[in-house]
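Here is a friendly briefing to read alongside the structure. Please have the viewer open as you go through the points.

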Amino acid sequence: MCYRCCFDRRARKSNDISSTLILAAWGIPVPKIGVPGRPAGVLDTLGVLPGYRTELSRREFEHAVKKSNFGNTRSTGEFAPEDSLLFDARQIRGAQAVPGLVVASLLAKKVAAGLTRVVFDIRTFPGGNFGSDALRASQNSQLLIDTAKYLDIEITCVISGEDFPAQPFIGRREALQGLLAFVNDEPKTLLAPHVAHCLQLANVASGGRLDRVPTSGSLRGTLDLHLKAQGAKGLSTLETYLKHTQLTHSFAVVHASAGGVVRWDLIAIRTVLLSYQNRSAVSVGFSDDCGIELLAMSGTLVAEGEPLAVVRSRNSSFLQDECQGISQSYRLVAEEQSIESKGGAAWNTSVSSTRA
């Protein structure tokens, strides 16, 4: 059976480009329609690259999928434009977590993309769209699954309960940095648990046909084709962007105030990023004003003064305040008190449907 697959993460964390590339590199089409506005969503992250187009016509979208097995466009024009209006209204009215509206928004984009199988990576935490606990998330996931059956879409929801970062790259430039490390197969030990999780998601989406990550050459080739299909100049665009921002943005290191086991607060980190995300003079496209790369994941034992994170700012005058905010986004506890994982999402619950 030929599937058109997609991933969707109903959590405030980094994007799911890695899972998408794994599928695309294995020849499984992934048409993706989204809404902008997340600190490091797929649309927002790739949208910072010069030339990369995030609003495609139906013909352009299908061309991108045909060219690279991965198409990426926003919910506008020919692709469920009312969903963008609904998304904005939910944000204005504080209705992001209303189950019926969440389900309607999600499935509108999946129908518009012509999907037959979707994997939702759901993380429960305070303020989460699917609920702050596993029970509520499971109930809302079942509503999504039951509704999708009428549309002949197979849904799998993977639910986990961590409220700390699952991978170290948080921010748009940082997500691109992590993406390049992934396709180059660099020895990024902090990224390894996240890559393993992405492979699990890809395996579920493929119907259990994938047992390993594609080769670096295959991943690089797929990403290069995708970037070109969306209007950029290929993988060199990403590499140039990272080099340029390394020279033009300001960076600082946050050190541990004492010894102990690190516990990062994902919501607190996100609050800092949102506070400084749109401080530049960028009037069009997607801004990329700040970000953070964790050097020690939650659950890691560190010594006093050990580097915990690299903080980035486009505007050097904001860097000190950003560092102060990040310094308040973690706490240190005694080793015997820590029960957290050192990275990667635990598959606490998996809820799935069978196609009608």
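**Strand S11 and its partners**

In S11, Ser313 is the bridge partner of Cys290. That pairing belongs to a set of five bridges that join strand S9 (residues 290-294) to S11, with the two strands running antiparallel. Please keep in mind that this is a predicted model. With that said, here is the picture, topic by topic.

**Around S11**

- Strand S7 (residues 250-255) also pairs with S11, in the antiparallel sense and over six bridges.
- A handy landmark for this pairing is His255, which stands opposite Pro307 in S11.
- How enclosed is strand S11 (residues 307-313)? Five of its seven residues are buried, so the strand is largely enclosed by the rest of the structure.
- Strands of a sheet, as a general point, pair through backbone hydrogen bonds, in either a parallel or an antiparallel way.

- Gln277 lies in the loop between helix H11 (266-276) and S9.
- Is Gln277 buried or exposed? Its relative accessible area is 3%, below the 20% cut-off, so Gln277 is buried.
- Leaving aside neighbours within four places in sequence, Gln277 is in contact with Pro39, Arg172, Ser287, Asp288, Asp289 and Cys290.
- Cys290 in that list is also the residue that has Ser313 of S11 as its bridge partner.

**An open sheet of three strands**

- Three strands form an open sheet in the order S10-S8-S12, and the pairing is antiparallel.
- Which strands stand at the edges? They are strand S10 (301-302) and strand S12 (330-333); each has a single partner strand, so one side of each is left without a neighbour in the sheet.
- Strand S8 (residues 260-264) pairs with S12 over four bridges, in the antiparallel sense.

**Aromatic pairs**

- The model has three aromatic pairs.
- One of them joins Phe61 and Phe79 in an edge-to-face arrangement, with 5.0 Å centre to centre and 65° between the planes.
- This pair links distant parts of the chain, 18 residues apart: Phe61 is in helix H3 (residues 58-68), while Phe79 is in the loop between strand S3 (70-74) and helix H4 (81-93).
- Phe61 is buried, at 0% relative accessibility, and Phe79 is buried with a relative accessible area of 0%.

**Salt bridges**

- The structure holds twelve salt bridges.
- Glu62 and Arg58 are four residues apart, about one turn of the helix.
- Glu62 is partly exposed at 31% relative accessibility, and Arg58 is partly exposed at 30%.
- Lys109 and Asp83 form a salt bridge through their side chains (2.9 Å, N to O). This pair links distant parts of the chain, 26 residues apart, with Lys109 in helix H5 (residues 99-113) and Asp83 in helix H4.
- Lys109 is buried, with a relative accessible area of 6%, and Asp83 is buried at 4% relative accessibility.
- Arg220 forms a salt bridge with Glu239, and their closest N and O atoms are 3.6 Å apart. Here too the pair links distant parts of the chain, with Arg220 in helix H9 (residues 216-229) and Glu239 in helix H10 (residues 235-248), 19 residues apart.
- Arg220 is partly exposed at 28% relative accessibility, and Glu239 is partly exposed at 25%.
- Salt bridges that share partners also join Glu174, Asp288 and Arg312 into one network.

**Cysteines**

- How many disulfides are there? The count is zero.
- Cys198 is buried at 0% relative accessibility, and Cys323 is buried with a relative accessible area of 13%.

**The protein as a whole**

- The protein has twelve helices and 13 strands.
- Of its 356 residues, 55% are buried.
- Among contacts with a separation of 6 or more, 77% are between residues 24 or more positions apart.
- The accessible surface comes to about 14800 Å², and 52% of it belongs to carbon and sulfur atoms.

Methods:
Residues are numbered from 1 along each chain as its sequence is written. This is a predicted model: local features need pLDDT of at least 70, side-chain atom pairs count only at pLDDT 80 or more; totals for chains, interfaces and linings use all residues. Side-chain values use heavy atoms; hydrogens and water are left out. Rings of Phe, Tyr and Trp (its six-membered ring) pair if their centres lie within 6.5 Å; planes under 30 degrees apart count as stacked, over 60 as edge-to-face and the rest as tilted. Buried means under 20% relative accessible area, exposed over 50%, partly exposed in between (1.4 Å probe, protein chains only). Two strands pair if DSSP finds at least two bridges between them. Contact means heavy atoms within 4.5 Å. Accessible areas come from the Shrake-Rupley method with a 1.4 Å probe; for residues, only the protein chains shown count as cover. A disulfide is a pair of cysteine sulfur atoms within 2.5 Å. A salt bridge is a side-chain nitrogen of Lys or Arg within 4 Å of a carboxyl oxygen of Asp or Glu.
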